[in-house]
Amino acid sequence: MKKDILVNDYVYHLSLNVPVHRYEHNPILTAHDVNKVWTDPQLRVITIHNAGITVFKEDVLMLFRSHLRNGISVIGMAKNENGTNDWIVSEQPALVPCNENDAFAPGTDIEKLIENEAGGVEDPRISKIDETYFITYSAYHGFKKDRVRVSLATTQDFQTFTRHGPILEKDMRNVVIFPEKINDKYFALMRPNDDPRKSHTGGIFKEIRLATTSDPFSNIWKVSKYPVMKQDDGPSAFGDKIGPGAPPIKTKHGWLSIFHGVRSTMDGNPYVLGVALHDLDDPSKVKVSNIPILFPSRADCTVEPEDYIHVPNVVFTCGALRNEDGTIFIYYGGNDTVMNVAFSHEDILAELCNRFPQDPLTGIPTYNLFYR
Ligand code: BMA
């Protein structure tokens, strides 16, 4: 299968060999772009990556994560018209660790929420449900090491963000909310992160669960007892860690979910992007492409000689957009350092899931791998 797509008057050739095409002008946003706008030394940033993405009032709107020099992450905002170039960074960050002057949902314990995210806010994902934008983000505790609670903020105008606190009282990462009700319930994908062995790959990081709620503002989610996706110990580009990336996108083929997978090596842990297709009426039914769609490369982290590079060999997405012609713009951080975009098409991504599937609960390829 081949597909030519048109982006900004340029034709990109996609195929099952090249399912995703990088934008030739990557990176689309760097720490330099942010530092031109945020001139306060306290707000000088060394990275920009893992941005959530949405469309707001005709503009493409990005909520990006940046590391300050002190190691704490904040979330900034940028907008543009075509989703690729000429981003305008907002004067102030959108979300920094909250204080009592922020907006809180009724009934929240404000002091606890302040402590809960004093260590930084990371990896926002945006889902628009009716007129409200739901932003899930990793909230790092002020003084407990690696104590993370994915938390919820909502907004309707991208000026006031209301904090609702942790989605769950356990370490659940990469929470992506489906943008509409399915059979009268709201759904989310989540990756459990409680790590008995305290290492950064393997173990419990190899499962994705489905969760449901009747009210997405409530932070009361029922998490499925069994995973909807899981990697066993066979060799795989996703073998040591998987996690949802962009909030699922509705297509005629099913809900497209672009996720990340990690394989540990003798020299680091490359993060790749993969694709899965959830049934439109029953997201627990899923086809997963055994073949990743994007591997980290040098093109994903073009920086100036003296720029800081945070984590080599990483492509990581928190958001993708579907255009009317079925093209998919995938926004991704390169090496946790710069923001990039790449282009694909729903037909190609669905075809990968259909032609080269893996068992969703083991990761073992189920297609005729070696033409036996
Ligand atoms: C994950 C998160 C992401 C990051 C990735 C690769 O655990 O911290 O924000 O992009 O690691 O370093």
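Biologist: Which residues of α3 are buried?

Modeller: First, the ground rules: this is a predicted model, where local features need pLDDT of at least 70, side-chain atom pairs count only at pLDDT 80 or more, and totals for chains, interfaces and linings use all residues. Residues are numbered from 1 along each chain as its sequence is written, and side-chain values use heavy atoms, with hydrogens and water left out. Helix α3 covers residues 346-355 and is mostly covered, with seven of its ten residues buried (under 20% relative accessible area; exposed is over 50%, partly exposed in between, with a 1.4 Å probe and protein chains only; helices are DSSP runs of H or I with at least four residues, strands runs of E with at least two, numbered from the N terminus). The buried ones are E346, D347, I348, L349, A350, L352 and C353.

Biologist: Which residue in β11 is the bridge partner of S138?

Modeller: Strands β10 (residues 132-140) and β11 (residues 148-155) pair in the antiparallel sense over eight bridges. For S138, the bridge partner in β11 is V150.

Biologist: Is D130 buried or exposed?

Modeller: D130 sits in the loop between β9 and β10, and its phi is near 50°, a positive value in a residue other than glycine. Most residues other than glycine have a negative phi. D123, in strand β9, also has a positive phi, about 45°, but D123 is buried at a relative accessible area of 10%. D130, at 60% relative accessibility, counts as exposed.

Biologist: Which residue's side chain makes a polar contact with the side chain of S73?

Modeller: S73 lies in strand β6 (residues 73-80) and is buried, with a relative accessible area of 0%. Leaving aside neighbours within four places in sequence, its contacts (heavy atoms within 4.5 Å) include H67, P97, G120 and E122. A polar contact is a pair of N or O atoms within 3.5 Å; within protein, one must be able to donate a hydrogen and the other to accept it, and residues adjacent in sequence count only if both atoms are side-chain atoms. At 3.0 Å, the partner is R65.

Biologist: How much space lies in the second largest pocket?

Modeller: A pocket here is an open set of points on a 1 Å grid over the protein atoms alone, where a 1.4 Å probe fits, with protein on both sides within 12 Å along at least five of seven lines; lining residues have an atom within 4 Å of a point. This one is lined by 25 residues, with V55, I249, A320, L321 and R322 nearest its centre, and β23 gives the largest share, four residues. Grid points are joined across faces, edges and corners, and the volume is the space filled by probe spheres set on the points. That comes to about 610 Å³.

Notes: Two strands pair if DSSP finds at least two bridges between them.
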